[in-house]
Amino acid sequence: MPDQKINILNQYIWPQLVYPFQCAPLKDLKVKFLSDIDKLIRSAVKEIINIPTDTPDAMLYAPRRLRGLGVFKAQWEAYLQHLNICQRLLHVDNPHVAATRNLPNEIEHCIKQLPITFDCSERFSSQKLRKALREDSFHQWSKLKSKGLGIVFYSHWKKGNSWISTKKGLSSSQWTQAIKMNCNTIPVRTLPGRTLDSTRCRRCDEQETLPHVLGFCHHGELLRINRHNTVRSLIAASIRQFASYEVYEEVGCVSSDGSTRRADIIIIDRQKDKGVILDPTIRFEMHEQQPQEVCREKQVIYEPCCQHLGAQYHITHWTVFGLMFGARSTIPRETLNQLKQYKISDATIDAIGSHVLKSSLPIISNHLYPTKFLLWKYVLLTPTSFKITYHFMAMILQAKLNMPVLKFLLLYTTRYKRDVNEQDSRQGLQADDDDDDDDDDDDDEKKEEENDCDDDSLMAIWTEKFDQLLPFPQPFTVLTILYHSFINNIQQGSVP
């Protein structure tokens, strides 16, 4: 596990370098020597986590509460340890120390060697200086034009950055992919060194950037809709717990120019004669003024609909708020303040952030690595390949994932396997003796008893259950493909 290896390095391996730095004289700590140590550490960490070599170094040194990795840096620790020792010796009333060492000069030398951008005339502990240096690394990271795009939002909701340390339900590959997404090193075509072809999207004719993949490309539209709908439902369910509010989702409305709109969430407070339109949207983080722009954009769209909604719900005063959520599981302060106004719990906010992160990763995988999705489409759109599907679904059921959907798929693949076997037997497989014929007759009678159910009525029942289950949760994207494949084959009459 890469995260466990990083924790071991930070907690057990790197501290072993601290004592030699404390004992070594300052004149022996050459800048080139410390720089070479940092290069070795950086290359080792990037190789362990399996992230690109062009990952920003500032991201490695940024604090974990700001989505950095908090990696040990020798150029800091060598002088921080000496600074801490000198500050402690200044308070020791020992004439021998004062006679043998010039402590004020050593402190001044250490401060000059540290890349400190603030006034350090007062006494600072090594812990405070280390914290300031790590935060300065985050600011350097945020100034990068491409790999620091939008990371200023990581400081708005720090609780949502805990997955860096805890993984928060992510697998090792997802954790690594999330780190790449954090610093914009996902291998899209516009990133230097990722392709020999054009920078055009492999799914459409736009420039293939990470914001395009997560927010615009039609290839991941269904996954983005599912991500948005889940966030909307979580917000509405949390507000609906208060009896004083009436909450409606996906409400159709008509604008003043006659065009139709669909408001995500409508909150009505009858006592105050107020109505609120909340429209959550998930955008890739670009700049710090983006939440205000999103809010103004939603107000332009839905304020012309307030007259129609007022007549529909008999409410006079209406307000429109656009809630921006970051595609990399960030929540701006403006959105947090609005959620707190409606007393949405911290657990719901955590669930929203976790869902957005776990939903954005499959969108990237579906865009960049579509092989498994194409394989499933091929297997299921080819009727002769249903045998393979049968064995796969049987394995899933043995894993005790006894969902109605899986039972339905197993039902149809089993029925198809039965008919294929009967067809093979009619083409030339004849019984060698009468005993075998008797056994076959008995088996046929059992099969007829098991399939007395009317196929058309059974199909209608399970089709209705499928419609109730859609849209599927993210891990069952393949099942969505299964469903549409079966419906198409049934309509064409190619499925028994």
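**Group meeting: a walk through the predicted model**

The accessible surface of the protein comes to about 26,400 Å², and 53% of that belongs to carbon and sulfur atoms; areas come from the Shrake-Rupley method with a 1.4 Å probe, and for residues only the protein chains shown count as cover. This is a predicted model, in which local features need pLDDT of at least 70 and side-chain atom pairs count only at pLDDT 80 or more, while totals for chains, interfaces and linings use all residues. Residues are numbered from 1 along each chain as its sequence is written, and side-chain values use heavy atoms, with hydrogens and water left out.

The overall picture, then. The protein has 22 helices and four strands, where helices (H or I, at least four residues) and strands (E, at least two) are DSSP runs numbered from the N terminus. Of its 496 residues, 46% count as buried. Buried means under 20% relative accessible area, exposed means over 50%, and partly exposed is in between, with a 1.4 Å probe and protein chains only. Among the contacts with a separation of 6 or more, 66% are between residues 24 or more positions apart; contact means heavy atoms within 4.5 Å.

Next, the sheet. The four strands form an open sheet in the order β1-β2-β3-β4, with mixed pairing; two strands pair if DSSP finds at least two bridges between them. β1 (246–254) and β4 (317–326) stand at the edges with a single partner strand each, so one side of each has no neighbour in the sheet. From one strand to the next the twist averages 35 degrees.

Strand β3 (residues 274–283) runs parallel to β4, and ten bridges join them. Within that pairing, K274 has H317 of β4 as its bridge partner, and P280 stands opposite L323 of β4. How much of β4 is covered?

Which residues of α14 are buried? They are C306, L309, G310 and Y313. These cover an arc of only 105 degrees around the axis, which puts them on the same side of α14; the arc is that of the directions from the helix axis to the C-beta atoms. In general, an α-helix has 3.6 residues a turn, so residues three or four places apart point the same way. Q307 and A311 are exposed, on the face of α14 turned away from its buried side. The cover over the buried residues of α14 includes β1, β2, β3, α13 and β4. After α14 comes H314, with a positive phi near 60 degrees.

Helix α13 (residues 290–302) contains E297. E297 is partly exposed, at a relative accessible area of 32%.

Now the cores. A nonpolar core is a set of buried Ala, Val, Leu, Ile, Met, Phe, Trp, Tyr and Cys residues joined through side-chain atoms within 4.5 Å. In the largest one, with 85 residues, V45, W141, I179, I235 and F325 touch the most other members. Helix α16 (residues 346–368) gives the most to this core, with eight residues. Not counting residues up to four places away in sequence, F325 touches V231, I235, P280 and I352, among others. A second, separate core has 14 residues, including I266, I268, I277 and W318.

The buried residues of α7 (residues 103–113) are L103, E106, I107 and C110. They span an arc of only 100 degrees around the axis, which puts them on the same side of α7. P104 and K112 are exposed, on the face turned away from that buried side. What covers the buried residues of α7 includes α5 (74–89) and α6 (95–100).

The other helix is α8 (residues 126–142), where S137 sits. Is S137 buried or exposed? S137 is buried, with a relative accessible area of 4%. Leaving aside neighbours within four places in sequence, S137 is in contact with A58, Y61, A62 and W76.

Terms used: Axes fitted to C-alpha atoms, helices over the stretch in contact; angles between N-to-C directions.
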